[in-house]
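Hi,

Here is the structure I promised to pass on, with the sequence alongside. Have a look at it first, and my notes follow below.

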Amino acid sequence: IAQRYNTTINGNAFAEINLTEELMFKSSFGINFDNTKVNQYKPSTVFEPNDGYRSIANINTGIFTGWLSENYFTYNKSFSGSNLEVLAGYTAQASNFEGLNVRATDFAVDDFEYHNVSAGNNETDQMGSSMSRTAQSSFYSRLHYVLNDKYLFTINGRYDGSSKFGEDYRWGFFPSGAIAWRLSDEPFLQDLNLFSDLKLRASFGVSGSEALGAYQSLSAVSPVQAYIVNGTIVNGFRPTRLPNPNLRWEQTSQLNIGLDAGILGGRLNFNLDYYEKKTEDLFLDKPVPQTSGVSFIRENIGSLKNHGFELGLDAVIIDSEFKWSTGFNMSNQQSEVLKLVGEDQEIIGGSIGGGLKLGNMSILKVGEPIGSFFGYETEGLWQNDDPELNSMLQFGGEVEAGDIKFVDQNGDNDISDQFFV
């Protein structure tokens with residue numbers, strides 16, 4: 001038996017005021033409320049491999065509330081074939097989540113289902129609760145200028161703050177800029193009557209990432225029943241996360257150079273982009289000695305580089321009552337780990353935040369692409385007539401014909417801890 005209840009409320013209100021003909025102010029406020037409850041009951045007449053015929057009741061609730069406030073000024077002025085737009089504003093947002101879960105087992109009868117969890121076996125009852133809060137705020141500005149409809153300039157600046165980082169590293173400044181030149185509007189190209197559009201563009205900017213859960217800069221403990229006092233098992237606490245007050249924004253700088261072109265009256269268009277992106281202060285789970293009580297600590301470690309190109313082509317082949325258009329694109333990307341922490345130029349089984357996870361068979365190594373794997377290199381099976389059959393050791397034991405033949409990377413006739421990247 002499973003039932004799910006969900007209540008969601010989203011609301012948004014805004015006000016817009018034209019202070020002058022060129023100056024406008026806009027303010028908006030939005031809220032998001034979500035209340036979810038899931039009830040589950042497995043009666044004693046149903047068998048499951050892990051729990052057998054045990055009756056089990058689960059109740060899980062979660063309440064999420066969030067709000068977002070945006071306030072900004074926009075100045076827009078056109079004159080003599082040019083246009084100037086300036087924007088400046090402030091944004092603040094916060095979110096809160098509270099969860100509660102209860103689990104009870106071994107009911108005497110199935111009549112209660114999940115409506116009376118206290119009727120279960122008190123010695124096996126489980127309950128838990130959680131709470132998480134985050135807050136962010138940003139000051140931002142943008143200047144966009146178009147000169148003679150041919151030369152485009154854009155400058156951006158953001159000053160972002162997040163509660164997820166260490167107290168002294170919560171704020172970061174992230175600038176960016178872009179320029180573009182519409183060559184197709186230049187007289188020396190218009191005389192060729194070839195291009196319907198031709199634009200050369202370039203941009204460079206720095207952005208920040210806070211792709212972390214709440215409280216990642218703080219230590220954390222979890223309850224555990226590991227102590228006996230007067231013959232009774234009582235709750236204690238064990239560390240589950242080490243503190244890192246120096247946790248800060250992950251920063252990515254990117255250079256992009258592109259060309260857009262259109263010919264045949266816009267029926268054939270292509271764009272070519274080259275980009276180079278470098279990410280520093282990566283969020284990385286660094287392995288630590290087990291004596292610390294945990295397996296990893298989240299740190300800003302090292303840097304990563306990505307570069308490549310993208311090519312896109314769009315064509316309108318037939319443009320009449322019957323229309324036929326087609327598109328083609330291709331890309332190439334190369335990544336490289338540039339730096340890791342201190343002397344540790346490789347980390348086995350690490351993971352990078354922001355959604356990219358690397359399992360236990362992965363390795364982060366300077367000079368190698370991200371997501372590289374490691375293991376033993378094989379070259380078939382051992383044969384009866386192999387000259388090294390009686391002299392080679394694999395994992396401390398002698399090999400026999402039919403065993404997997406691993407490559408002896410250093411030539412010492414002993415395959416033990418030799419990894420191949």
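The chain has a radius of gyration of 31 Å, whereas a compact globule of 421 residues would come out near 22 Å. Please keep in mind that this is a predicted model. Along the principal axes, the C-alpha atoms fill a box of roughly 90 × 70 × 55 Å. Of the 421 residues, 30% count as buried, and the accessible surface is about 25,800 Å², with 53% of that belonging to carbon and sulfur atoms.

On secondary structure, there are 22 strands and one helix. An open sheet is formed by 12 strands, in the order E1-E2-E3-E4-E5-E6-E7-E8-E11-E12-E13-E14, with antiparallel pairing. Strand E1 (2–18) and strand E14 (323–339) each have a single partner strand, so one side of each is left without a neighbour in the sheet. From one strand to the next, the twist averages 10°.

Within that sheet, E7 (residues 171–182) and E8 (residues 195–209) run antiparallel and are joined by seven bridges. Arg182 has Lys199 in E8 as its bridge partner.

Is Ser69 buried or exposed? Its relative accessible area is 16%, so Ser69 counts as buried, the cut-off being under 20%. The side chain of Ser69 makes a polar contact of 3.2 Å with that of Asn71. Leaving aside residues up to four places away in sequence, Ser69 touches Ser28, Phe29, Tyr90, Thr91 and Ala92.

Best wishes

Technical notes: Residues are numbered from 1 along each chain as its sequence is written. This is a predicted model: local features need pLDDT of at least 70, side-chain atom pairs count only at pLDDT 80 or more; totals for chains, interfaces and linings use all residues. Side-chain values use heavy atoms; hydrogens and water are left out. Two strands pair if DSSP finds at least two bridges between them. Helices (H or I, at least four residues) and strands (E, at least two) are DSSP runs, numbered from the N terminus. Axes are lines fitted to C-alpha atoms, for helices over the stretch in contact, and angles run from 0 to 180 degrees between N-to-C directions. Buried means under 20% relative accessible area, exposed over 50%, partly exposed in between (1.4 Å probe, protein chains only). A polar contact is a pair of N or O atoms within 3.5 Å; within protein, one must be able to donate a hydrogen and the other to accept it, and residues adjacent in sequence count only if both atoms are side-chain atoms. Contact means heavy atoms within 4.5 Å. The radius of gyration is taken over C-alpha atoms; the globule rule is 2.2 Å times the number of residues to the power 0.38. Accessible areas come from the Shrake-Rupley method with a 1.4 Å probe; for residues, only the protein chains shown count as cover.
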